[in-house]
There are 2 protein chains.
Amino acid sequence: MTKVLIYEDNPQLREGLTMLIDGSEGFSVVAAFKNCNNVQDEVAAFKPDIVLMDIDMPGTNGIEGLKKIREQFADTKVLMLTVFDDNKNVFEAIRSGANGYILKKTPPARLLEYIAEAASGGAPMTASIATQVLKMFSSLHNEKGEDYNLSEREKQVLQFLVNGYSYKMIAAEMFIAIDTVRSHIKKIYEKLHVNSKSEAVAKAFKDKIV
Amino acid sequence: MTKVLIYEDNPQLREGLTMLIDGSEGFSVVAAFKNCNNVQDEVAAFKPDIVLMDIDMPGTNGIEGLKKIREQFADTKVLMLTVFDDNKNVFEAIRSGANGYILKKTPPARLLEYIAEAASGGAPMTASIATQVLKMFSSLHNEKGEDYNLSEREKQVLQFLVNGYSYKMIAAEMFIAIDTVRSHIKKIYEKLHVNSKSEAVAKAFKDKIV
DNA sequence: CAATTAACCGCATAAAGATGTGCTTTAAGA
DNA sequence: TCTTAAAGCACATCTTTATGCGGTTAATTG
């Protein structure tokens, strides 16, 4: 059962959210407040898996509430709710450790999916929010090093290694036999001049192959 | 009618995507190719509203394909498809003007929603991708890098792992028994939330522990 | 003082990895 | 055409890792 704690100043929306979430399989609203003036005590008391946090609230606003939560509770997921895809708030919320950022006009069914995603470690955001985020990103740069003449297939395999996959999992993901995975990996080791998986992973990072 | 152009080297997936999209109200696949060596000519010829672009392809890869599209066609929406929520590729794709970034394992129904969102100007991304994006964001503005409460000894061991040492070699270097090395490593895995040497090494790099 | 934590060690077992050899098919180049 | 590289597969063997359990000692701290 995923425990949800709600902060939302609008009474109708607060009630609506509570009913929606409480009426859904696997979710339960442990409490709902109209401001987050006592957010730390409340989170400590109710130990929610997820906090739905409205941004625009009187008194302590949502961003400040988020920061207060983060001071004490690193693992609690916080989903920001807002009416605007306003880039200043998006940026500030993300910087402060929000686990997702969604618009209030999101349809109820979708909202539940987002909550579930956040609960399982994802970072849901509505498409319009994502657009803001991508724009902010477009101004940065990155360079890459040599690639040691790895073939396309070898690069893919290395990628899997870096992501912590076992030979068996790689075989399954790539639709090839485990012995073929072995062959590729042997070749990769030769090209990188290493002789273990973790060395290959380390080299991949150091030389920015991945 | 939203016109979709597909680039995907895996024949099964290419066929599957084509059928899925062609079978959906309001969408039509104008063509599907197994590589993007001639992407500019093809986009010019078919004038798609949306391009689905696999990242891992032989020859011209998806990122290069994206860049080629962007050289000539600013308005064509490009949705990147990949098996990994790997941060280097996410970053590079976003930087090059991708309109969205989604995982191949996304369920078909969801995939269609994403395509629709991209077509109408949004920037869809799966929750796990969004997580990567958020992490990159917060790492840009605080260079710290958490240390996961590793003890001094554990940090030393991790350092050896990163440098490609086997348990036996670590034991020799640190003048302790191999079983003690095991104990330390188990503790490290717990603290880093991983369960293999290469994952630990990867995490050490990603989170700048070493 | 009792509890906690880091560091240390041992044994046992199952899974995963590393390495060698040898084979086919296909595509690209000299 | 011959050669080479890549990709695929199989079997065998040995080593290393991962994980479970158990334990002692020393230092710290509420």
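Let's start with helix α7 (residues 152-162) of chain B, whose buried residues are V157(B), L158(B), F160(B), L161(B) and V162(B). Here, buried means that 20 or more other C-beta atoms, placed from the backbone, lie within 10 Å of the residue's own. Helices are DSSP runs of H or I with at least four residues, strands are runs of E with at least two, and both are numbered from the N terminus. This is a predicted model, in which local features need pLDDT of at least 70 and side-chain atom pairs count only at pLDDT 80 or more, while totals for chains, interfaces and linings use all residues. Residues are numbered from 1 along each chain as its sequence is written, and chains are lettered from A and ligands numbered from 1 in the order in which they are written.

What do the buried residues of α7(B) pack against? They pack against α10 of chain A together with α8, α9 and α10 (197-206) of chain B. Two residues are in contact if their C-beta atoms, placed from the backbone, lie within 7 Å. After α7(B) comes G164(B), with a positive phi near 80°.

Now look at chain A, which has 10 helices and five strands. Of its 210 residues, 37% are buried.

Next, see where the chains meet: 35 residues from chain A and 35 residues from chain B take part in the contact. On the side of chain A that touches chain B, α6(A) gives the most, with seven residues. That side divides into 17 nonpolar, 12 polar and six charged residues. In this count, Ala, Val, Leu, Ile, Met, Phe, Trp, Tyr, Cys and Pro are nonpolar, Asp, Glu, Lys and Arg are charged, and the others, Gly among them, are polar.

A nonpolar core is a set of buried Ala, Val, Leu, Ile, Met, Phe, Trp, Tyr and Cys residues joined through C-beta atoms within 7 Å. The largest one has 79 residues, and L79(A) and L79(B) touch the most other members. A second, separate core of 26 residues includes F160(A), A200(A), V201(A) and A202(B).

Finally, turn to the DNA. Around DNA strand D there are 20 residues, of which S151(A), R153(A), I176(A), D179(A) and S166(B) come nearest; a residue is near a strand if its C-beta atom, placed from the backbone, lies within 6 Å of it. The largest share of this surface, four residues, comes from α9(B). The surface near DNA strand D has five nonpolar, seven polar and eight charged residues.

Methods. Buried ≥ 20, exposed ≤ 12 C-beta atoms within 10 Å, placed from the backbone.
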